Amino acid sequence: MPDQVPALQAEVAACTFCAPHLPLGPRPITQFSASARILIIGQAPGTKVHMSGIPWADDSGDRLREWTGIGADQFYDPAKVALVPMGFCYPGKAAGGDAPPRPECAPRWHARILDLLPADRITLLVGSYAQQYYLPRDAGSTLIARVRSFERFAPAIFPTPHPSWRSVGWMRRNPWFEMELLPRLRAAIAAHLSDG
Ligand code: SF4
């Protein structure tokens, strides 16, 4: 399995499948290896990440690292953490923010990448797009319902909001997220990182 990783990484990096829909052109941004036991499935790169080519190198990433307790050195170690968003390339703008991740991307790539990862991993479903794709329908029709139901999926899967600036107000309105979910998430991640 590990020997398949470089070929798949190269294939992903060369992807132009939905290029006509990408205003800044294809630039797939992911991180994975066959040993990463923490999988973070986010949304899609913003312009800052598109420009740098570094996943989660923005304010949202800083907040996500704070939520998870993963330091930057481990976060950017593909042997430990896989960063596989719902869309690998910047999708452009829409009313009120960035456009949704390109719908072609996850069906095209996710199964092949996830098949290479260890089975005993923790998966973070960050934001509605990842949750709607991976959680059962009865997990809830709203973000708050899905995140609130985290006990049902922990410790293998944790649904979270997207850690954008909007999450600051959301956390204030939902203090259980910081008091109940984050301690469980940090403990599960710390155990996986120390095992690995
Ligand atoms: S968004 Fe995904 S499917 Fe589209 S070009 Fe980028 S890597 Fe390929």
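The legends below describe close-up views of a predicted model.

**View 1. The crossing of helix 3 and helix 10.**
Helix 3 spans residues 59-68 and helix 10 spans residues 175-195; their axes come within 8 Å and cross at roughly 80°. Angles of 65 to 115 degrees count as roughly perpendicular, and helix 3 and helix 10 are therefore roughly perpendicular to each other. On the side of helix 3, the contact is made by Glu66, Trp67 and Thr68. Helix 10 contributes Phe177, Leu182, Leu185, Arg186 and Ile189. By class, the residues of this contact comprise 5 nonpolar, 1 polar and 2 charged.

**View 2. Strand 1 and its two covered faces.**
Strand 1 consists of residues 38-41, and both of its faces are covered. In a regular strand, side chains alternate between the two faces of the sheet. Ile38 and Ile40 lie on one side of strand 1, while Leu39 and Ile41 lie on the other. These four residues are all buried.

**View 3. The strands paired with strand 1.**
Strand 1 runs parallel to strand 2 (residues 81-83), to which 3 bridges join it. Within this pairing, isoleucine 38 has valine 81 of strand 2 as its bridge partner. Strand 1 also runs parallel to strand 5 (residues 122-126), and here the two strands are joined by 4 bridges. In strand 5, leucine 124 stands opposite isoleucine 40.

**View 4. The aromatic pair of phenylalanine 75 and tyrosine 76.**
The count of aromatic pairs, for rings whose centres lie within 6.5 Å, comes to 6. In one of them, the ring centres of phenylalanine 75 and tyrosine 76 are 5.1 Å apart and the ring planes stand at 80°, so the pair is edge-to-face. Phenylalanine 75 counts as buried because its relative accessibility is 0%. Tyrosine 76, by contrast, has a relative accessible area of 28% and is therefore partly exposed.

**View 5. The aromatic pair of tryptophan 170 and tryptophan 176, and the cluster around it.**
The rings of tryptophan 170 and tryptophan 176 have centres 5.7 Å apart and planes at 75°, so this pair is edge-to-face. Both tryptophan 170 and tryptophan 176 are buried. Together with Trp67 and Phe177, Trp170 and Trp176 form one aromatic cluster.

Key
Residues are numbered from 1 along each chain as its sequence is written. This is a predicted model: local features need pLDDT of at least 70, side-chain atom pairs count only at pLDDT 80 or more; totals for chains, interfaces and linings use all residues. Side-chain values use heavy atoms; hydrogens and water are left out. Axes are lines fitted to C-alpha atoms, for helices over the stretch in contact, and angles run from 0 to 180 degrees between N-to-C directions. Angles under 35 degrees count as roughly parallel, over 145 as roughly antiparallel, 65 to 115 as roughly perpendicular and the rest as oblique. Contact means heavy atoms within 4.5 Å. Ala, Val, Leu, Ile, Met, Phe, Trp, Tyr, Cys and Pro count as nonpolar, Asp, Glu, Lys and Arg as charged, and the others, Gly among them, as polar. Buried means under 20% relative accessible area, exposed over 50%, partly exposed in between (1.4 Å probe, protein chains only). Two strands pair if DSSP finds at least two bridges between them. Rings of Phe, Tyr and Trp (its six-membered ring) pair if their centres lie within 6.5 Å; planes under 30 degrees apart count as stacked, over 60 as edge-to-face and the rest as tilted.
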